[in-house]
Structures are given as structure tokens and as C-alpha cells.
Amino acid sequence: MAAAPVTAFSLTVLVCAAVLCAVAAVRLAVHHERGLRRARLMLASGGATRGPVPGAPPWERLLPRLVERAREMPREWLCLPAAVPPSLLGDSVLPLIGGALAVPLVGRRLRAVARRRERERRADRVVALCGAVAGELRAGVQPLRALVTAAAFTGALGGAEPAVLAAARFGGDVPDVLRRAAEEPGAEGLAGLAACWRVSVDGGAGLAAGLDRLEAALRAERDQRESLRAQLTGAWATVAVLALLPLAALAMGWALGADPLRVLLHTPAGLGALAVGGLLEAAGLWWAARIVRAGEAS
């Protein structure tokens, strides 16, 4: 069997991969040599050393900075190196274009997940704030002092903490500031804390008892949300399986001895099938994810 000719595109990708491998090898060698040098200095001086090694060449000081910048790079940019193997196997630039187009979409999804996690963490801190204030009140601490102490301990107020603490210390309208702080995502429970504070100040009702009921309600809401999410795990798994089905089809094509990437990326019929299949796949994933999110919202 004759060997497949090496095209200019494949040669370019191979050169880029070789450069990346060389950089990684140099990085490992530098790390090993720097470790040996630090060990010799520690044995010679009898103590630990920090910072750049004296007499190190400039490129040795530059590589750690580059590696640190690479670690700080947003994760959505990993779509570009992930598109290199399909581009190399299919001898086409289309997978690279698809990887570039996927960067903003993946970034948007990652940011949405980060916002959801931050919202849930803030909600948990609000629950902890209610319990901490109630505990301080039962210990005989005054309400304003209890709020200041619990807020500093839990960090539930976020960016509104200075305003709330100023209102608590200097006789401001604490419930109004708490209601404004409740407008942040995940901090809705602060509106209940504001209501309890208003009732306890104006009507003389027990603030600790109201905070206990508020904490129990917020915990029940959180448990219900986690239970619903656990029940929807199977639905999200189905969505993930639907997303992986095209990859399974490509693997089956390779197992049967075909070259599906070359057909998809270098023939008119394959390009048309790729476009229609991509649109159908995106529409199916969007519809399935919408159904599951509707179940979560309920």
C-alpha cells in the first residue's frame, strides 16, 4: 500500500506540534536543572532559597512566566488545540475554524456555570448568616452587634457589606440596605432578613425566632433544588450522549475501514451533510437542554 502524500497543511500542523513538544521538553529540562541547582544551593547555604536562581540565563527566567500565563488562560481557548487532531486527520482547516467558533460559545457556557455556582454559594452564605445572627442573639448579643459579627464571619453580604455595616453602626435604615443587597443573584434571602429585622424593631417581635424560621425555609428550598437537580442527572446524561453520538458514528466509520473525515471535509456531498448534521445536532442539543432547564426552573 502506497503511503499517503504529506500535504503542506499536514506539514504545517506537524511542525507546530513539534514546536510545542520541543517547548515542553525544554520546560521539563529547565525545571530539572533548576531543581538540581536549588538543591546544591540549599546544601551549600543550609537554608531554603526563593526567587530566581542567581546567574540563571534570561530564557530560564522567561519560560516559567510563559507557563504561568498559559495556566491563567481561559479554559475555552482549549477548543483550539482540541481541533488540531481532526484538522490534521482530515487535512482541512474547517475543524480549526469550528474550534475558533466554539471558543465564544464554550466561554459563554463556562461563565454561566460560574455565575450559577457563585449564586449558590451566596445563597448558602445567606443561610449561614441567618443561623449565625440567631445564635448571637441567643447568646445575649445586641441585634446590631450580632449582625456585624455574623456578616464579617460569613461574608454573605458581598459588596453590600460596607453599606450594611455602616447602617448598623451609625443608626441607618438597616432593612432598606438589606433589601437592596437582596437584589444580587443568590442573595434573595436577605429580603426575608430585612422583613424580620423590620418586624422585630417596629413590633417588638423576637428576631431570633423569625430568623430560625427563615433559615429553615431557605434550607428547605436549597434541599429541594438539590433534590431536583439529582433527579435531572439522568436527563443531562441523555443530553451528553446525544452530543457524543456523532463522534461514535465517526469512530464506527474508521472501524469499518472508511475515511469519514475526508468524505465530510473534501466532497460536496460530505460538506452538505456536515452542515445539515451540525445544524440538526445544535438544534437537538438546544431543545433537550431547554426541556431540562424548564424542569429545573419549575
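Start with the second largest pocket, which holds about 840 Å³ of space. A pocket here is an open set of points on a 1 Å grid over the protein atoms alone, where a 1.4 Å probe fits, with protein on both sides within 12 Å along at least five of seven lines; lining residues have an atom within 4 Å of a point. Volume is the space filled by probe spheres set on the points.

Select Arg116, Arg119, Glu120, Arg225 and Arg229: of the 25 lining residues, these are the closest to the centre of the second largest pocket. Its lining divides into eight nonpolar, four polar and 13 charged residues. H5 gives the most to this lining, with 11 residues.

This is a predicted model, where local features need pLDDT of at least 70 and side-chain atom pairs count only at pLDDT 80 or more, while totals for chains, interfaces and linings use all residues. Residues are numbered from 1 along each chain as its sequence is written, and side-chain values use heavy atoms, leaving out hydrogens and water.

Next, go to the largest pocket, with about 2300 Å³ of space. Select Ala102, Gly278, Glu281, Ala282 and Leu285, the closest to its centre among 42 lining residues. Which element gives the largest share of this lining? H5 does, with 13 residues.

Finally, select tryptophan 286 and tryptophan 287. Their ring centres lie 6.0 Å apart with planes at 50°, so the pair is tilted (centres within 6.5 Å; under 30 degrees is stacked, over 60 edge-to-face, the rest tilted). Tryptophan 286 is exposed at 52% relative accessibility, whereas tryptophan 287 is partly exposed at 48% (buried is under 20%, exposed over 50%, partly exposed in between, with a 1.4 Å probe and protein chains only).

Conventions. Helix = DSSP H or I, 4+ residues; strand = E, 2+ residues; numbered from the N terminus. Nonpolar A, V, L, I, M, F, W, Y, C, P; charged D, E, K, R; others polar.
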